[in-house]
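User: I'm new to this one and would like a walk through it. Could you take me around step by step?

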Amino acid sequence: MSATQILLLVATYFIVLLVISYFTGKNDNNDDFFKAGKQSPWYVVAFGMVGASLSGVTFISVPGWIEGSQFSYFQVVLGYMVGYFIVAYVLLPIYYRLNVISIYEYLLERFGVVSHKTGAFFFFISRVLGASFRLFLVAIVLQQFVFNAWNVPFEITVVISILLIWVYTNKGGIKTIVWTDTLQTLFMILAVILSIYFINKSLDWSFGEFLASTELKSYSKVFVTENFLERNHFIKSFLGGMFITICMTGLDQDMMQKNLTCKSLKDAQKNMISFSIVLVVVTLLFMLLGALLYIYANKHNIAIPLMDGKPKTDLLFPEIALNSGLGLTLAITFMLGLIAAAYSSADSALTSLTTSFCVDFLNIDKKPKNIQKRIRKSTHIAMSILLVIVIIIFKYVLNSNIIDSLLTVAGYTYGPLLGLFAFGIFTNYQIKDKYVWLVALCSVVLITIIGSIPAEYLGGYVLGYELLPINGLLTFIGLILIRRK
């Protein structure tokens, strides 16, 4: 597939998104931008959230990770599912009872202003990094397979990507995203199913023959139970996945903002549970695709693509889809899936960052009515510029697989949120609110030190995703120390 064909496909795709945004953004008011008027059908939200949760990270990075991790990532996914039930029946009732716009308003009511700002700050850092990881992934693919052919700098590729998102979210915000995410999820699921079909066809396999093949068995180890010291041991992966979901979904304004657009708590809970089941199935399909990609690459001597002179497993899927001669249909399928996956997450991240900053830091609801809309629009532009800067920085600092980097960073940035919300929900204590920021900062510093301890100093124990609950526990203990008598 040529660079020109890819660019035309991207342009057509965004024209469709702009049409959707035209109809959903007609009102161009803050109520629609932040809450979609609380009229979103739960099944539409549920389906759209699948794409937002998986994102371009899953679409490219999970298949590329299979050779190194095999199917052990599924242990984390099983933990995800338990986490979604906790979000549905512990956190959602709190948010609906308080009728919040930003979920961090809970911390304001429970503890005070400093706790509110601290929680919002850690979400802000977490979401900026998370959204940038996801957008970086699609930007490097567009750069590698489109813009390099025209000698366009990576920085310009990033600016174009963010600008496109800003254009179609500028007016409708979350109301637009609820519907665009639905379309994007559909493209993403079709892409993975069709990719599996076309690659199997080229290998003269049926899907059943692929599942029964000896080649798949060499990649398909799911449960790691032999050595608890290993980073991906089942218990560590499962619990890590559960806490990642609680934090990156239940304590994340981005994901919760969509749930809060449902008409009622019951609808939001139906959305969360049905979404979690679909998510597990779709993630398994991505892992099967990853194994199939490596099988195909080995049979046809396709090397891992290089980026800046280093092998980049995240680029294996696009290399096979676009450059291995499997046909235009697979190439189009891949590009539509990639664009849908990347932007279904990135557009909601930009909107949630705008929402959180307006509500949690600028107190937009207390500003004069005649300037509230202007504040929201200015903030939307500022958040776009910030994402551009961070993505460009990532090009020069990221070395590892993107999804592994994303989940690792979550352990550092979401821990204080976990500790704050757990302390608020499971204890009746009040705290000395002015010291909360210090507790959160100390927790992050301590977990950074713990995370950097070499395995040989811990008797061979390799730290992994359990850093997130440990971080939350440290914050919880710190809040006990500053509780009021």
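User: Let's begin with lysine 299: is it buried, partly exposed or exposed?

Analyst: Lysine 299 counts as partly exposed, since its relative accessibility is 45%, and please keep in mind throughout that this is a predicted model.

User: Which residue does lysine 299 form a salt bridge with?

Analyst: The partner is glutamate 215, and the closest N and O atoms of the two are 3.6 Å apart. Glutamate 215 is itself partly exposed, with a relative accessible area of 27%.

User: How many salt bridges does the structure hold?

Analyst: There are five salt bridges in the structure, and one of them joins the side chains of glutamate 466 and lysine 236, with an N to O distance of 3.9 Å. That pair links distant parts of the chain, because glutamate 466 sits in the loop between H19 and helix H20 (467–481) and lysine 236 sits in helix H11, 230 residues away.

User: And are glutamate 466 and lysine 236 buried or exposed?

Analyst: Both glutamate 466 and lysine 236 are buried.

User: Why is aspartate 267 called buried?

Analyst: The cut-off for buried is under 20% relative accessible area, and aspartate 267 is called buried because its value is 16%.

User: Changing topic, what is the volume of the second largest pocket?

Analyst: The second largest pocket has a volume of about 160 Å³. Its lining is made up of Ile86, Val90, Leu91, Phe243, Ile246, Leu251, Leu418, Phe421, Ala422, Ile425 and Phe426, and these divide into 11 nonpolar residues, with no polar and no charged ones.

User: Which helices supply at least two residues of that lining?

Analyst: Helix H4 (73–98), helix H11 (234–250) and helix H18 (415–426) each supply at least two residues, and the largest share, five residues, comes from H18.

User: Now the outside: which residues form a nonpolar patch on the surface?

Analyst: The patch is formed by Tyr435, Trp437, Leu438, Leu441, Val445, Leu446 and Ile449, which together have about 650 Å² of accessible area. Among them, leucine 438 lies in helix H19 (residues 436–451) and is partly exposed, with a relative accessible area of 37%.

User: One last thing, what is phi of asparagine 151?

Analyst: Phi of asparagine 151 is near 60 degrees, which is a positive value in a residue other than glycine. Asparagine 151 lies in the loop between helix H6 (113–145) and helix H7 (154–169), and this residue is exposed, with a relative accessible area of 69%.

User: And where is aspartate 204 found?

Analyst: Aspartate 204 is found in the loop between helix H8 (174–202) and helix H9 (207–212), its phi is near 60 degrees, again a positive value in a residue other than glycine, and at 68% relative accessibility it counts as exposed.

Definitions and conventions
Residues numbered from 1 in each chain as written. Predicted model: local features only at pLDDT ≥ 70, side-chain atom pairs only at ≥ 80, totals over all residues. Heavy atoms only, no water. 1 Å grid on protein atoms, 1.4 Å probe; cavity = no way out; pocket = protein on both sides within 12 Å on 5 of 7 lines; lining within 4 Å. Points joined across faces, edges and corners; volume = space filled by probe spheres on them. Helix = DSSP H or I, 4+ residues; strand = E, 2+ residues; numbered from the N terminus. Nonpolar A, V, L, I, M, F, W, Y, C, P; charged D, E, K, R; others polar. Patch = residues over 30% accessible without salt bridge, like charges linked within 9 Å, V, L, I, M, F, W, Y side chains within 5 Å. Areas by Shrake-Rupley, 256 points an atom, 1.4 Å probe, with all protein chains shown as cover. Salt bridge = Lys/Arg side-chain N within 4 Å of Asp/Glu carboxyl O. Buried < 20%, exposed > 50% of the residue type's maximum accessible area, 1.4 Å probe, protein only.
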